[in-house]
Amino acid sequence: MKVLVINRHALKWTTGPNGDYVPAEPSDRFLITRTFGSGLAGHGPQSFPNVFVLDMEDRERLEQVARWIIRTHGVDFLVALHEKDMLLAARIREELDLPGMYHERTLRFRDKILMKETLLAGGYRKLPRFRKLAPGEVVESVPWSGKTVVKSRWGVGSSQVRIAADIDAVNGARAELERMGDELEIEEFIEGPMYHCDSVVRDGEVIFSAPSQYIARPGEYGPGRVAGSVLVSDSNLREKLRREDSEVLRILGMESGVTHGEFFRRPSGEFVFCEVAARPGGGGIDDIVAAGYGVELIRAAVQLQCGVSPDLTHGAKQPTTVAGVIGIYHSADGQDRETSDVLAVPGTRSYEFAPQELPGAVRHCTDYAHKIIVEATTPEEFTARVERVVQMVRRTEVVSEQDPAAEMRARVTT
Amino acid sequence: MALLVLGASANIARAAQTLAEALILVQMSGADARALVRDDVDELLTLDFTDRELLESFGRALLEPRPPAAVVSVTEHGVEPAAFLSHLLGTPGTPLKVVERTRNKSLMRSRIAAAGIGHLNPAYASATDRDAVRQLLEAGPVIVKPVDGTASEQIMLVRSVQEVEAVPDREGFIVESYVEGIEYSIDSFSHNGIHTAVGIAEKATEGPFVEISHVMPPPSLTPDAQARVCQAVAELLDALELADGPAHTEVKVAGDAMIVVETHNRPGGDGIADLVGMTRGIDWRRASLGWPLGIREPERGGDVPAAAMVFFTAPPGTVTAVETPSLERSDVTIVEWGLDVSVGDQVRELRSSRDRVGWAFLAGESPEACRDASAELRASDIVRTDGAQL
């Protein structure tokens, strides 16, 4: 089996240590990656002797090189786990007759308008009201009260999402996002916490699903703030989310792969669909699923894209622990320091520090300075441990405008 | 526009990075990409660039849409593919036919003979021509070597037809009369057919002609003899029609006779580029990579009167001890050194450059001092093996 992996994440995350997620001999592995974002960090020629390092923002070049590798070397499977590469991979698979998800099906997981239209057409009604914006359109009114979400049809990592309090703000956000060249939509803002459901799908059947709650809405990232998510402990809530997620995946026609679906939960308890991607969630979600269920989502995603069925027999049906990922964004001045002392806090499973790569900005919702995986036996214990971890990090850095520990207490409702 | 470099080492990548905003590094499978690319700047692509069909497919699919400013290589296996790509893309570089003449020793010998400078050739024959080989052997021992060999591999000194016929795959071998004498290598730069020597090194070999030291300038060549060697190299390069770019030519000198051993359109390996830098102040790697871009390297003057690269060897066996190289003389210093083995490693029989076990750069007050210091270092058993007691 010959496999081409298109990687835009940290290399070890995508391919596992020594590339061992990829079910092919090293000489039959082909890797396109970048240096940015640790895409080449830890690369060993013995794991990936056939490596191609590109500027991944150059889409035309990426596609040229991928096609040439596949045609020249007779590649059997194409693996892509980053949102920006899903459509490209699907189009190449289709054109070169490789197995896996093709373009039309993948598009439903990428175009946030088509996604919701397909769900509506399939009879799914738990959606926010939404509509597409024409280029340059000045919005005069919206058919809902309260805030409005202005966002890209093709956004990644919540970086092209704006919450507007009134029509002027809607048009301001529209103009700002349009300047970035985005196609846009508006939708009603749904009050309440956000959840995500990370599923493994094989031949259209959901064979594993892990619901979690976001500590902060992904769109609310910013310097010094705290985000992350925690596995849902409440079994009723878990099952409800799994049902919603399965229904969404069924209507959208997910074939085989790992998905990351997001839902709002109104104060009434009703779930409302936000969006779903046909790739694993980032920002440590795979770590908490592995901690709570013993399931390796990234390995499963790579295997499924290679036509290999993941072995989930060792995975737990219910989470065996309250596991969560805490992400603390870079501070505004970028003067963040590694705080590995947090590993001394009971239940802290891992700590990663990432120096800021681009000065002055948090680039997307998982662009964390500090990423900490925390476990506990109860939600209360989890919250207490997280508070302590955040305080330890804060002691070394500029204090945020908000009290992150208070934010956390308010948000974690599991 | 990017500069494409085939088969770069880390040293070569660093030199090339001073020449162009971005590089396209084309490497053989198994490349250590992290040691080569600059973050967010360079592109790296792996393929077997010695496979002509694959290289053509690569060139047409990935380079023709965005041609680089030039395609260069300074490694033996890369120079011909680089010329092929340059030809395909129409970028400046040494013409493919010229490179083929340097890479194929039979072609080179024919060109030398056709140019009327046959005195630079030894008597030679194809290894499959039994009668011609027999005639050569009647005059003395012969050298049998691959027509396109590198790194001193598969070079044999033989004395009988039977030994020649025992060589597998003889079609790819040439037989040349063995010429006594000292061997020199001449690194030169050509521009519009004017050839300028940038460094002459005196070479010593061991066993099957494996190079064990290079001393620059050459202690055994008088200035007059150096001029004659340079003239011979110029005639050779003219015969091969190498008008632009670097060359590394090996010449044997015995009395007044001069015999061309081989030539390449690249700088010498084995640290010779560093010897040129030390003694002439020319960044020879940069010059050899940058010329198709129109970049010329000035001669800044050397830091030392003489320099040498010496290689350590050891009898085959398991390494039992290694020592820090040192010299008890004031006229030569060890600038840098390194060992490729440590205690417990296996040392193979010395068959090619790859079987050497370490190296040292020397800087000295005179070529003679560097030559003598090289011999002293080699005699001091820097790497010892249990094979030494066998």
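Chain A contains 11 helices and 16 strands. Its radius of gyration is 21 Å, close to the 22 Å given by the globule rule for 414 residues, so chain A is as compact as a globular protein of that length. The model described here is predicted. Along the principal axes, the C-alpha atoms of chain A fill a box of roughly 55 × 55 × 45 Å. Of the 414 residues in chain A, 48% are buried. Among the contacts in chain A with a separation of 6 or more, 66% are between residues 24 or more positions apart.

Ala173(A) is found in helix α6 of chain A, which covers residues 167-179. This residue has 22 C-beta neighbours inside 10 Å and therefore counts as buried, the cut-off being 20 or more. When neighbours within four places in sequence are left aside, Ala173(A) is in contact with Val150(A), Arg162(A) and Ala164(A). The C-alpha atoms of Ala173(A) and Ile163(A) are 8.1 Å apart, and the two residues are 10 residues apart in sequence.

Val232(A) lies in a loop of chain A, between β11 (226-231) and α7 (235-252). Val232(A) counts as buried because 26 C-beta neighbours are found inside 10 Å. A distance of 29 Å separates the C-alpha atoms of Val232(A) and Ile186(A), which are 46 residues apart along the chain.

The contact between the chains takes 15 residues from chain A and 19 residues from chain B. On the side of chain B that touches chain A, β3 (43-46) and α2 (52-63) each supply at least two residues. The most is given by α2(B), with five residues. By class, the residues on this side of chain B are 10 nonpolar, four polar and five charged.

Helix α2(B) also packs against another helix of chain B, α3 (residues 76-89), with the axes 10 Å apart and at an angle of about 40°. The two helices, α2(B) and α3(B), are therefore oblique to each other. The crossing in which α2(B) passes α3(B) is right-handed. From α2(B), the residues that meet α3(B) are Arg52(B), Leu55(B), Glu56(B), Gly59(B) and Leu63(B). Their counterparts in α3(B) are Pro81(B), Phe84(B), Leu85(B), Leu88(B) and Leu89(B). The contact of α2(B) with α3(B) comprises seven nonpolar residues, one polar residue and two charged residues.

The residues in the contact of α4(B) with α5(B) are two nonpolar, one polar and three charged.

Methods:
Residues numbered from 1 in each chain as written. Chains lettered and ligands numbered in written order. Predicted model: local features only at pLDDT ≥ 70, side-chain atom pairs only at ≥ 80, totals over all residues. Helix = DSSP H or I, 4+ residues; strand = E, 2+ residues; numbered from the N terminus. Rg over C-alpha atoms; globule rule 2.2 N^0.38 Å. Buried ≥ 20, exposed ≤ 12 C-beta atoms within 10 Å, placed from the backbone. Contact = placed C-beta atoms within 7 Å. Nonpolar A, V, L, I, M, F, W, Y, C, P; charged D, E, K, R; others polar. Axes fitted to C-alpha atoms, helices over the stretch in contact; angles between N-to-C directions. Parallel < 35°, antiparallel > 145°, perpendicular 65-115°, else oblique. Left-handed = near helix turned anticlockwise from the far one by under 90°.
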